[in-house]
Amino acid sequence: MGIDIGSTASKCVIVRDAEGVKEIADKALIPYGAGTSGPARVIEEALAGRGFRKEDMACILATGYGRNSIEMADFEMSELSCHAFGAHFLFPGARTVIDIGGQDVKVLRVGESGVLETFVMNEKCAAGTGRFLEVMARVLEVKLEDLAALSAQSTERVDISSTCTVFAESEVISQLAQNKNRRDIINGIHRSVAGRVSGLARRLGVAEDVVMTGGVARNEGVRLALQNELKTEIKTSPLAQYAGALGAALLAFRKLGG
Ligand code: ADP
């Protein structure tokens with residue numbers, strides 16, 4: 001079992017070995033992270049799906065910002081290694097992994113076997129993160145899951161020039177007051193996130209295949225804007241937000257020597 005306790009969401013993945021092939025037996029996601037009921041609920045939900053008990057788990061590995069709080073974990077590991085491993089499982093050709101979570105952005109260089117080689121990270125600032133998008137969605141009175149579809153309907157370019165979340169929020173309010181269309185503002189927000197993240201990615205160097213993980217990968221508008229900015233294909237998967245938990249479960253296998 002791999003458990004990824006993020007700042008914003010708790011994720012849990014159970015992997016089993018089916019005659020030499022690793023497959024996902026169950027997974028769960030609760031949109032509450034460290035310090036909430038999310039961690040306990042996500043474990044309960046992942047186990048309950050197939051009627052597993054904690055004792056059925058051969059090894060439990062916890063990762064993420066809140067990994068220290070998981071008492072039942074046998075091991076803890078940094079989310080950097082776990083995301084690298086999870087992304088490699090989803091896309092064996094992955095060399096650059098762009099992980100955008102609730103509170104930070106990480107760009108990882110991954111080796112052929114999925115091992116983390118190096119990384120750059122943006123922390124202590126919400127610019128370019130999931131939190132930035134959450135703040136903007138709230139001001140615009142739009143659900144997070146609707147941002148991509150609205151952005152795709154944009155017809156006029158509106159630039160959001162501030163990267164700072166507080167200033168960008170004021171800028172969005174001012175654009176709304178000038179009767180700018182929400183879909184154009186959202187498109188500008190996605191380009192702003194892409195600009196910020198691509199700057200970080202260029203610092204590391206962008207090697208193909210480029211894979212996006214983390215919850216923001218669920219926002220197709222950000223993926224497309226980033227693809228446009230980096231001028232390269234960016235792959236993602238419906239399991240992108242589970243990449244850390246998936247990598248943690250696969251590393252739990254390693255701990256057992258298999
Ligand atoms: P963390 O690991 O830091 O808790 P996650 O990788 O789970 O963060 O990502 C959380 C972020 O994912 C949220 O801040 C939000 O921006 C984004 N997100 C979550 N669900 C969706 C969705 N359905 N559509 C678009 N974005 C989403």
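At what angle do α3 and α6 pack, and how far apart are their axes? The two helices pack at an angle of about 170°, with axes 11 Å apart. The model is predicted, so local features need pLDDT of at least 70 and side-chain atom pairs count only at pLDDT 80 or more, whereas totals for chains, interfaces and linings use all residues. Residues are numbered from 1 along each chain as its sequence is written, and side-chain values use heavy atoms, with hydrogens and water left out.

**Terms for the helices**

- Helices (H or I, at least four residues) and strands (E, at least two) are DSSP runs, numbered from the N terminus.
- Axes are lines fitted to C-alpha atoms, for helices over the stretch in contact, and angles run from 0 to 180 degrees between N-to-C directions.
- Angles under 35 degrees count as roughly parallel, over 145 as roughly antiparallel, 65 to 115 as roughly perpendicular and the rest as oblique.

**Helices α3 and α6**

- Helices α3 and α6 are therefore roughly antiparallel to each other.
- Their contact (heavy atoms within 4.5 Å) involves F132, L133, M136 and L140 of α3, together with R182, I185, I186, I189, H190, S192 and V193 of α6.
- By class, the residues of this contact are 8 nonpolar, 2 polar and 1 charged; Ala, Val, Leu, Ile, Met, Phe, Trp, Tyr, Cys and Pro count as nonpolar, Asp, Glu, Lys and Arg as charged, and the others, Gly among them, as polar.

**Helices α5 and α6**

- Helix α5 (residues 165–177) packs against helix α6 (residues 182–204) at an angle of about 155°, and their axes are 10 Å apart.
- That angle makes α5 roughly antiparallel to α6.
- V172, Q175 and L176 in α5 meet R182, I185 and I189 in α6.
- This contact of α5 with α6 comprises 4 nonpolar, 1 polar and 1 charged residues.

**Helices α2 and α8**

- The axes of α2 and helix α8 (residues 243–255) cross at roughly 95° and come within 7 Å.
- The residues of the contact of α2 with α8 are 10 nonpolar, 5 polar and 1 charged.

**The largest pocket**

- The volume of the largest pocket is about 800 Å³.
- A pocket is defined on a 1 Å grid over the protein atoms alone as an open set of points where a 1.4 Å probe fits, with protein on both sides within 12 Å along at least five of seven lines; lining residues have an atom within 4 Å of a point.
- Grid points are joined across faces, edges and corners, and a volume is the space filled by probe spheres set on the points.
- The lining has 32 residues, of which T8, G101, G102, G215 and Q241 are the closest to the pocket centre.
- Helices α2 (79–90) and α3 (130–140) are the elements that give two or more residues to the lining, and the largest share, 3 residues, comes from α3.
- The lining has 9 nonpolar, 13 polar and 10 charged residues.

**Backbone features in loops**

- Most residues other than glycine have a negative phi, and most peptide bonds are trans.
- E19, in the loop between β2 (10–18) and β3 (21–30), has a positive phi near 50°.
- A cis peptide bond, with omega about 0°, joins E208 and D209; D209 lies in the loop between α6 and β9 (210–213).
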